Amino acid sequence: MIASRRAAFLVAIVVAGGTLGTALAATNGPSPRPPTAAAKWGKLSSDLAQVLRAERRHGRGLAVARTSGLAVVGGRVRVVVVSRTSRRAVVSAVLGIGGKIEAEHATLVQALVPPGALARLTRAASVGYVRGPHRPVLLAPAPVSG
């Protein structure tokens with residue numbers, strides 16, 4: 001009888017210890033990672049986030065933009081801003097950071113923006129997302145048989 005109580009007591013300690021250990025590991029686990037560029041600048045596409053990071057660290061945002069396939073005109077990067085609220089407000093935000101409007105349609109504004117000003121542009125409430133322009137993809141014609 002005493003042996004069975006000891007065995008039950010030991011089982012209870014092991015189970016409680018395992019549960020406690022799991023709970024402690026869950027609360028005292030590794031610290032969270034620093035935010036990635038995408039998380040930090042969630043309104044920027046990944047290629048524009050890289051441009052911004054290069055501009056801030058080394059002043060080489062335009063070079064990174066060119067190697068990423070983004071158009072660079074007169075020291076500015078061509079972007080498309082998707083409006084969250086009003087296209088007119090997006091135009092105002094772009095002009096406010098020293099950008100130049102190239103085209104507008106529906107909820108989209110195409111503009112040339114200084115690479116160092118991309119972060120300020122994303123902070124505008126009217127801006128939903130900033131990306132590079134979509135590029136057309138040439139599909140090879142089907143072979144003609146005959």
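The model you have open is predicted.

**Stop 1: helix α3.** Select residues 46–58. These 13 residues make up helix α3, which reaches 18 Å from its first C-alpha to its last, close to the 18 Å expected at 1.5 Å a residue. Now colour Asp47, Leu48, Ala49, Val51, Leu52 and Ala54: these residues of α3 are buried.

**Stop 2: the hairpin.** Next, select residues 100–105 (strand β3) and 108–113 (strand β4). The two strands run antiparallel and are joined by 5 bridges. Look for Glu104, whose bridge partner in β4 is Val109. Between the strands of this hairpin sit 2 residues, and in the turn Ala106 has a positive phi of about 50°.

**Stop 3: the salt bridges.** How many salt bridges are there to find? The count comes to 2.

Show the side chains of Arg78 and Glu102, which meet in a salt bridge at 2.6 Å, N to O. Arg78 belongs to strand β2 (residues 76–83) and Glu102 to β3, so this pair ties together parts that are 24 residues apart in sequence.

Then show Arg87 and Glu104, whose side chains meet in a salt bridge at 2.9 Å, N to O. Because Arg87 lies in helix α5 (residues 87–96) and Glu104 in β3, the pair links parts 17 residues apart in sequence. Are these two buried or partly exposed? Arg87 is partly exposed at 32% relative accessibility, and Glu104 is partly exposed at 42%.

Notes:
Residues are numbered from 1 along each chain as its sequence is written. This is a predicted model: local features need pLDDT of at least 70, side-chain atom pairs count only at pLDDT 80 or more; totals for chains, interfaces and linings use all residues. Side-chain values use heavy atoms; hydrogens and water are left out. Helices (H or I, at least four residues) and strands (E, at least two) are DSSP runs, numbered from the N terminus. The expected span of a helix is 1.5 Å times one less than its number of residues. Buried means under 20% relative accessible area, exposed over 50%, partly exposed in between (1.4 Å probe, protein chains only). Two strands pair if DSSP finds at least two bridges between them. A salt bridge is a side-chain nitrogen of Lys or Arg within 4 Å of a carboxyl oxygen of Asp or Glu.
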